[in-house]
Amino acid sequence: MKLIIGNKAYSSWSLRGWLACKLSGLPFEETVVPMYDQDWDKRRQGAEFAPSSGKVPILWDGDAVVWDSLAIVEYLNDKTGNTLFWPEDPAARAMARSMAAEMHSSFTALRSKHSMNVRQVYPPAPVDADVAADLERIMELWAQARARYGSEEPFLFGAFGAADIMFAPVVTRIVTYSLPVPRFAQSYMLAVLQHPFMQDWIAGAQEEEWVIEKYELPVT
């Protein structure tokens, strides 16, 4: 398999696709494409990007091509026997899939106003009302999952899985912008950040030389 991703410092959807590949345990080649450099538009017109219209991440597995992070999760779930990504319990699996889908389609205020940048931590600043509403809903989801299915494990549904993958960039955004969250969420966030896959990703981001200035500014 070959996974094409954007900058590790900034690309939240790439992080999700990459975490899915890591969780699958299957070997894959990783290709990092610097976003918005002078060759970005030309590169996106290449054959490898054609199915996704130039978007990252995009996963190639022989002749099969999968783009969109949630689609990559489901493809790899099928490929690995439906045992690694979603909870075994049907009710827990239903909730985990619903949460992942809501993350995939919602929370536009948080995503647009607090871009991912895992190399920075900014001091606290006033939070816009729409961002606060997004955070409140995310905290509600996390609390429900932890209370109903978290058991003694630190993640949303016990073991690290697809729901945690989908919310991992939210965790980094909360840390980067010092956004206010309740205490229970802080322990969950720490578990995500300390996961070996996340540690590898963050280390890779620190090693990147590329800087995108529009993602290097705190919220004002």
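What follows is a chat about salt bridges and one lysine.

Modeller: Ground rules: this is a predicted model, where local features need pLDDT of at least 70 and side-chain atom pairs count only at pLDDT 80 or more, while totals for chains, interfaces and linings use all residues. Residues are numbered from 1 along each chain as its sequence is written, and side-chain values use heavy atoms, with hydrogens and water left out.

Biologist: Fine. How many salt bridges does the structure hold?

Modeller: Nine. A salt bridge here is a side-chain nitrogen of Lys or Arg within 4 Å of a carboxyl oxygen of Asp or Glu.

Biologist: Which residue does Arg 97 pair with?

Modeller: Glu 74, with the closest N and O atoms 3.1 Å apart. That pair links distant parts of the chain: Arg 97 sits in helix 4 (residues 90–105) and Glu 74 in helix 3 (residues 69–79), 23 residues apart. Helices are DSSP runs of H or I with at least four residues, strands are E runs of at least two, and both are numbered from the N terminus.

Biologist: And how exposed is Arg 97?

Modeller: Arg 97 is partly exposed at 31% relative accessible area, and Glu 74 is also partly exposed, at 25%. The cut-offs: buried is under 20% relative accessible area, exposed is over 50%, and partly exposed is in between, using a 1.4 Å probe and protein chains only.

Biologist: What about Arg 119, which Glu does it bridge to?

Modeller: Glu 216, at 3.8 Å between the closest N and O atoms. Arg 119 is in the loop between helix 5 (108–113) and helix 6 (129–149), and Glu 216 is in the segment after helix 9 (196–207), so the pair ties together parts 97 residues apart in sequence.

Biologist: Is Glu 216 buried or exposed?

Modeller: Buried, with a relative accessible area of 16%.

Biologist: Where do Glu 140 and Arg 137 lie?

Modeller: Both are in helix 6, three residues apart, about one turn of the helix. Glu 102, Arg 137 and Glu 140 are linked in a salt-bridge network.

Biologist: Changing topic: what does the side chain of Lys 2 make a polar contact with?

Modeller: The side chain of Glu 48, at 2.7 Å. A polar contact is a pair of N or O atoms within 3.5 Å; within protein, one must be able to donate a hydrogen and the other to accept it, and residues adjacent in sequence count only if both atoms are side-chain atoms. Lys 2 itself lies in strand 1 (residues 2–5).
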